[in-house]
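Hello,

Please find the structure below, followed by notes on what turned up in it.

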Amino acid sequence: QLQASGGGLVQAGGSLRLSCAASGSAFKILALGWFRQAPGKGREFVADVIWSGDNQLYGDSVKGRFTISRNTNNNTVYLQMNNLQPEDTAVYYCAAARDSMNFMKTLHSWGQGTLVTVSS
């Protein structure tokens, strides 16, 4: 199971940190990460990290502003989001995938989303 938290309302230029608590054992052989879905739009890859190796990948729209990390002691994945912009407004989903390089095409499971709203 994947349980996300940390969303909220922030002004443009502000920061938020999302957390995702992972339970079970299957996720330890997968990539964990985040995708988002804005109102009326499709899913967009945000970032992922290979659980066993810590390699990270980012979507083009968040590179340089977002940082994904993981804590293997408490099985939690974090998404630090800096310099947030109104176009970052979306529901953010924590997810697991079979292939880090093809995260959205190999989704294995995902949790309930957490809403991030960025005001201008």
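Is F35 buried or exposed? Keep in mind that this is a predicted model. F35 is buried, because its relative accessible area is 1%, and the cut-off for buried is under 20%.

F35 also takes part in aromatic pairs. Two rings are described by how far apart their centres are and by the angle of their planes. The whole structure holds 3 aromatic pairs. One of them is F35 with Y93, a stacked pair with 5.1 Å centre to centre and 20 degrees between the planes. F35 sits in strand 4 (residues 31-37) and Y93 in strand 9 (residues 90-97), so this pair links parts of the chain 58 residues apart.

F35 pairs with W110 as well, this time edge-to-face, at 6.3 Å centre to centre and 75 degrees between the planes. W110 belongs to strand 10 (residues 107-110), so the pair ties together parts that are 75 residues apart in sequence. F35, Y93 and W110 make up one aromatic cluster. W110 counts as partly exposed, at 40% relative accessibility, and R43 lies over its face, 4.7 Å from the ring centre. Elsewhere, R70 lies over the face of W51, at 5.9 Å from the ring centre.

Four strands form an open sheet in the order 1-3-8-7, paired antiparallel. Strand 1 (2-5) and strand 7 (66-71) are at the edges with a single partner strand each, so one side of each has no neighbour in the sheet. From one strand to the next, the twist averages 15 degrees. Strand 3 (residues 16-22) and strand 8 (residues 76-81) run antiparallel and are joined by 6 bridges; L16 has M81 in strand 8 as its bridge partner.

Regards

Conventions. Residues are numbered from 1 along each chain as its sequence is written. This is a predicted model: local features need pLDDT of at least 70, side-chain atom pairs count only at pLDDT 80 or more; totals for chains, interfaces and linings use all residues. Side-chain values use heavy atoms; hydrogens and water are left out. Two strands pair if DSSP finds at least two bridges between them. Helices (H or I, at least four residues) and strands (E, at least two) are DSSP runs, numbered from the N terminus. Axes are lines fitted to C-alpha atoms, for helices over the stretch in contact, and angles run from 0 to 180 degrees between N-to-C directions. Rings of Phe, Tyr and Trp (its six-membered ring) pair if their centres lie within 6.5 Å; planes under 30 degrees apart count as stacked, over 60 as edge-to-face and the rest as tilted. Buried means under 20% relative accessible area, exposed over 50%, partly exposed in between (1.4 Å probe, protein chains only). A charge sits over a ring if NZ of Lys or CZ of Arg is within 6 Å of the ring centre and within 35 degrees of the ring normal.
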